[in-house]
Amino acid sequence: MNGFEKYIPFVPQPIENRTWPDNVITHAPIWCSVDLRDGNQALIDPMNMEEKLSMFHMLVDEIGVKEIEIGFPSASDTDYEICRELIEGGHIPDDVTIQVLVQARPHLIKKTFEAIRGAKHVILHFYNSTSTLQREVVFRTDVEGVKKIATDAADLIYEMAGPVIEAGMDLRYEYSPESFMGTEMDAAVDICAAVLDCLHADADRRVILNLPTTVENCLPNQFADELEYFLRKLPGRERAIISLHPHNDRGTGVATTEIGLLAGAERVEACLFGNGERTGNVDLITVALNMHVQGIDSHLDFSHMDRIIQLYERCTKMKVPERQPYGGDLVFTAFSGSHQDAINKGFNYMEETHTHKWMVPYLPIDPTDLGRAYEPVRINSQSGKGGAAFIMNHKFGFDMPKAMHPEFGEIVQRESDKEGVELKPEILYRLFEEEYLKVDGPYRLISDHLTSNVENGVAVSHFYGKIRHKDTVFEVNGDGNGPIDAFFNAIRHERMNRYHFIDYKEHAISRGSDSTAVAYIHLQTADGKDVFGVGMDPNISVASIKGIICAINRGKRLESMRKHEGQ
Ligand code: KIV
Ligand code: ZN
């Protein structure tokens, strides 16, 4: 493909003895949602008042965000009005800080001070672009020129803030050297240190230095090198809270954030589902839940993911992709048979061992943490025998014996090959019902009478019943050491007797408020073919007998199908 020659490669920041690769993330950063500003400004239809308020309340009241950029009040009337409504309408909880963005320009800074009057906790976030490219192309100035823009703004802000703070506002400052990632690091240090000086930052009144990857242009490790270098060189590092604001142009916004935290950042600005300019801001949910599944408390709550998606989609008119990490529709779904089997085994293992640790392969997070109904296994032509059995168990309560899984799996496979689409659980149930529960010929149990006693210390069961075969009804009678044995002895002289009993399994199953028994019977034909039957009855012994008759009927049916296919 032509065209690559015109791009200027990223020049990595040389650094010796980098330390960030040995660090680990042990706690959550300070989160700041920029959904209402960076996310909103990137929407085809920006949010209206009602949508912004709903989004604000979800982020703050439900998800638990404590710092939230609510807009650009000097740049847009709508943002100004929303800022006023949030403050005057009493929407902002006392422990939440609103953040407002402003360019480093005097008249806009003045308007921003007007917009925030009356608020309790505010971060005034100002920015100007500092990168080599922007200096050359947009501002036509040098490092001193952009530094002056930043320091003039910082001076003005500090001056205007005095009376506001005195009047009771908890006002803090944030400075972004926009396009930090494309700025020479020594220049970035110089500009940021000067801004800290102008704002009289110290360890007790730390200023947020937000270091954006405004346009992602390098590998995450290269960004981390820049950051580590920057922090080593910054005079009075303890005066600053280092914040990240990653965009996602290379699709590595999450990695940049996580590696940036290793390199010393303490705060992250992000948007739900990675909304934001172009390919978006980094996804708040992914970064937070990546921590959650490493056993770290993210201090955010996504336990109502479906509601979050609903509100997000309504307000932004964007769609959460089906494979979006954690939130997507398909993330708790396994189509592959081997994955389904392993998931099944993971759940069984957790149940058997009573472990409190999450140990389910292929599911990195417990869906219930996100308030999701459990639906890990879905069936298409790629699915194996385990998946269908899993759904029959977890959705409908039929816990088939393992030996039966291949037989039912084959029935399901045939149907999905035929239909060529995903088979919903209801279809699986219909197949199970048609194949096992509704089989009522050629043999049918008309009546049954079963007694069990202990005679001379030995358990004896007696079965007496009537069976219909096509138009004929005949009586059967037999004793045995249990109901199944008694029934086999009862049919010993009938044409039904050409099956060997192999195994059975039974359990109770709840249907509404009633509980009934289900028995799975494994028989073998004279030529060694396995055949299964299922019987259901309130009486467990009768359920077994019905299961035997079902298996015999199915055996007959399969025999005649084979004969038919052989002809
Ligand atoms: O991406 C960016 O650089 C920004 C700044 C205004 C912080 O959104
Ligand atoms: Zn941004």
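**View 1. Helices α8 and α9 pack with a right-handed crossing in this predicted model.** The axes of helix α8 (residues 220-233) and helix α9 (residues 253-262) come within 9 Å and cross at roughly 35°, where axes are lines fitted to C-alpha atoms, for helices over the stretch in contact, and angles run from 0 to 180 degrees between N-to-C directions. Helices (H or I, at least four residues) and strands (E, at least two) are DSSP runs, numbered from the N terminus. The crossing of α8 past α9 is right-handed, a crossing being left-handed if the near helix is turned anticlockwise from the far one by less than a right angle, and right-handed if clockwise. On α8 the contact (heavy atoms within 4.5 Å) involves P220, N221, F223, A224 and L227, and on α9 it involves A255, T256, I259 and G260. Sorted by class, this contact has 6 nonpolar, 3 polar and no charged residues; Ala, Val, Leu, Ile, Met, Phe, Trp, Tyr, Cys and Pro count as nonpolar, Asp, Glu, Lys and Arg as charged, and the others, Gly among them, as polar.

**View 2. The zinc ion (ligand 2) is coordinated by D38, H245 and H247.** The donor atoms, OD of D38 and NE2 of both H245 and H247, lie at 2.0 to 2.2 Å; donors are N, O and S atoms within 2.8 Å of the metal (3.2 Å for Na, K and Ca), and as water is not among the atoms, sites may look incomplete. Along the sequence the donor residues are spaced D-x206-H-x1-H. H245 is buried, with a relative accessible area of 5%, and H247 is likewise buried at 4% (buried means under 20% relative accessible area, exposed over 50%, partly exposed in between, with a 1.4 Å probe and protein chains only).

**View 3. Strands β9, β10 and β11 form an open antiparallel sheet.** The order is β9-β10-β11, and β9 (443-455) and β11 (472-480) stand at the edges with a single partner strand each, so one side of each is left without a neighbour in the sheet. The twist averages 10° from one strand to the next. Antiparallel β9 and β10 (residues 458-469) are joined by 12 bridges, and two strands pair if DSSP finds at least two bridges between them. T451 has H462 of β10 as its bridge partner. Helix α16 (residues 483-490) lies across β9, β10 and β11 and runs at about 130° to β11.

Residues are numbered from 1 along each chain as its sequence is written, while chains are lettered from A and ligands numbered from 1 in the order in which they are written. Local features of this predicted model need pLDDT of at least 70, side-chain atom pairs count only at pLDDT 80 or more, and totals for chains, interfaces and linings use all residues, whereas side-chain values use heavy atoms, with hydrogens and water left out.
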